[in-house]
Each structure stands twice: as structure tokens, then as C-alpha cells.
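Open the model in your viewer and keep the selection panel at hand. The stops below say what to select and what is there.

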Amino acid sequence: MEQQSILGNGEMQADLTFISNKSLEIKNEIGKVIVGQDRLIELMLVGIYSGGHILLEGVPGIAKTLAAKLLSKTISTHFSRIQFTPDLMPSDVTGTSVFNLKSSEFNFVKGPIFSNIVLIDEINRSPAKTQAALFEVMEERQITTDGQTYKMDYPFFVLATQNPIEQEGTYKLPEAQLDRFLFKIKLAYPTLEEEKQILVRFKEGKPLHDFEVKASISVEDLKKCADIVNKVYIKDEILSYIASIVNTTRNHSDIFLGASPRASLAIMKTSKAVAAMRGRSFVIPEDVQFVAYPVLNHRIILTSEKEMEGAGTEDVIKNIIQTIEVPR
């Protein structure tokens, strides 16, 4: 009865139309430049509506950084980019206190992390000391320095990229930091048809910055979309389904470290965002399955035996989903 009453709510239907239309506008704007990558764009939007940070992983040249920059352009807000390098210091990210000769006081000068959308390029190129500077701001949306706490403005999203192939000069991200990313999205090469479309689109040598991508959503609209996501209905059977998936990762013979309750909460919230974007006021099992991979693939560690077999986390997650009974 509760689900039926929500479905019959005219205001909710209007909200669903709003978030669907906004999502389509953003996809169309990004699609002016990027060919394919529909799943990537949809997942990035899910992450933005859910208020989470996103890690993009893929080989060079498949539009990781470009996708993040284009997404930021479609939102009417501030954007900054930080290139992580081995010599980058925490203060280069968060900011530092500078002595003011006129007032004889130290003034805090904010670093590039103080923005709304922050692109961290090649996040795995900085050592543990710099990575640790991100722990507080990614989880609590604040920076504490010299006994003072500085809150981040809404919205605050970190979009980070990393290359899984090149290992020289890189550092493994701490598990605690990986857990702070809502999604880890693995990008694949374009298909043959998409590759042809890329060549056709850029055959005249038109530079990327010549493609005009306009802002499609304001901060107020973004808040409204987040509120719409929160109102999406999810029945207890679906919650039990999510709990079973995550719990199985902790009791699986192929997994050394399973997912935390943060993963359960992430699947619940992002599945609601998927449902809203697809025009539904309620979550179905397919929504859960769609987000399970990017939510879990960086939160579980396979056993050494399974890794030696060449298996990937996606294979194990797929196996878990296939073995758990889907609620009707």
C-alpha cells in the first residue's frame, strides 16, 4: 500500500520528471565531446546526486580526466584541479598559515581542496603523508589545521583518477581512503563503432576546448535532486537483499577482506538515485545490481590464491550476486 501511495503521488512524479530531465541535459552536454561511456556518465551522476566521491580507474587516453572536467562544467559551481606528484605536500592541498607582517598574525590561506568539485589527477602518485590530508575532508567535509576547523561549502565532491597499469612512481592508496570513495569506476576501451565515431568527430582537428559545454544544473537544482533521491521508496525485502550481498563478502572463501557497513549504506543510497534517474519512485533489485560493482570492487580484497588465479573482484562480486536469491 505504501509503495502504491507513493506511485500515485503527483508531486513525486513531477520530481522524478525533473531529475530525469536534468540528467538527460547533462548527458547530452557531455555527449557533445565524449563518445560512448554512457555507463560512466550515469554512474558519475548517481554519485553526484548521492553526495559521494568517485575514483576513476583506467589506462591513459580513455577520457577519465576529460569526463570529470566536463561534468564539472555542467554544474554551476566552483571547480579546481590538483595534479598529484611524489613531492606534493599536505599543505599544497589543504592550505597553510602565512604570517601577516601588518597584523603580526598568522592567516590561513586555503588550498585548492577548498572548492565544490575537486579533480585530483593521478591520485596514486603522492605518498601516504599527502593522502592522509584527504581523510578528514573526504569523510567530514572539513579541514582542521592549527586548532581551527574550516567547513567545506555545498556541494563538495572529489573526482579522482588513477592509472592501474603504470606502477613506477605510484603509491597504493590506503584501504581507509579507498573506503571513502562511494564508487570506483573502471573504464574500458571504446568499442570499434565508438572508435570510428571518435575519429569522425575530430577528423577536422577541432580542439576539445572549442566544444561549448554549458551549465545545465545549479546548486539549488542539485539540492533538489538530492532531496528527490532521499524520498525514493525502498522496501524491507530490498534492504535485506543489500545486507545479504555485503554480508556474503565477509564470509566468502575467495575474499580476504569483506565490505564494511559503509558499503551497505552506499548501495542503498545509490540504488535510490538510479531509480529516480530512471523515472521510478521505488527501488528494484536491478538498481541494486547496477551499483553493486562500483560500490564493492574497491572495498574487498581477494585471497592471494584467488589473485594468483588471475581472477578480478568483479568476477567474485558477480558470483555473489548470482548466488543470492533475488526478492520478488
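How many aromatic pairs does a search of the whole structure find? The search finds four; rings of Phe, Tyr and Trp (its six-membered ring) pair if their centres lie within 6.5 Å, with planes under 30 degrees apart counted as stacked, over 60 as edge-to-face and the rest as tilted.

Before selecting them, some notes on the model. This is a predicted model, in which local features need pLDDT of at least 70 and side-chain atom pairs count only at pLDDT 80 or more, while totals for chains, interfaces and linings use all residues. Residues are numbered from 1 along each chain as its sequence is written, and side-chain values use heavy atoms, with hydrogens and water left out.

**Stop 1: aromatic rings**

Select Phe99 and Phe106. Their ring centres are 5.2 Å apart and the planes stand at 65°, so this pair is edge-to-face. Phe99 is partly exposed at 40% relative accessibility, and Phe106 is exposed at 60%; buried means under 20% relative accessible area, exposed over 50%, and partly exposed in between (1.4 Å probe, protein chains only).

Next, select Phe108 and Tyr150. This aromatic pair is stacked, with 4.5 Å from centre to centre and 20° between the planes. Helices (H or I, at least four residues) and strands (E, at least two) are DSSP runs numbered from the N terminus. Phe108 is buried at 18% relative accessibility, whereas Tyr150 is partly exposed at 23%.

**Stop 2: a surface patch**

Leu101 sits in the loop between strand 3 (95-100) and strand 4 (105-110) and is exposed, with a relative accessible area of 71%.

**Stop 3: the cores**

Select Tyr49, Phe183, Ile185 and Leu296. These have the most contacts inside the largest nonpolar core, which has 71 residues. Such a core is a set of buried Ala, Val, Leu, Ile, Met, Phe, Trp, Tyr and Cys residues joined through side-chain atoms within 4.5 Å. A second, separate core of 22 residues includes Ile82, Ile113, Leu134 and Phe156.

Now centre on Phe183. Leaving aside neighbours within four places in sequence, its contacts (heavy atoms within 4.5 Å) include Leu43, His53, Thr270, Pro294 and His298.

**Stop 4: salt bridges**

How many salt bridges does the structure hold? There are 18, each a side-chain nitrogen of Lys or Arg within 4 Å of a carboxyl oxygen of Asp or Glu.

Select Asp121 and Arg81, whose side chains meet in a salt bridge at 2.6 Å, N to O. The pair links distant parts of the chain, 40 residues apart: Asp121 is in strand 5 (residues 117-121) and Arg81 in strand 2 (residues 79-83). Asp121 is buried at 7% relative accessible area, and Arg81 is partly exposed at 41%.

Lys196 and Glu193 form another salt bridge, with the closest N and O atoms 3.5 Å apart. Both lie in helix 8 (residues 192-201), and because they are three residues apart there, about one helical turn separates them.

Finish this stop with Glu42, Arg278, Arg280 and Asp287, which are linked in a network of salt bridges.

**Stop 5: the backbone**

Most residues other than glycine have a negative phi, and most peptide bonds are trans. Select Tyr154 and Pro155: the peptide bond from Tyr154 to Pro155 is cis, with omega near -5°. Pro155 is in the loop between strand 7 and strand 8 (157-162).

Ala63, in the loop between strand 1 (53-57) and helix 4 (64-73), has a positive phi of about 75°. Arg141 also has a positive phi, near 55°, and is found in the loop between helix 6 (128-140) and strand 6 (142-145).
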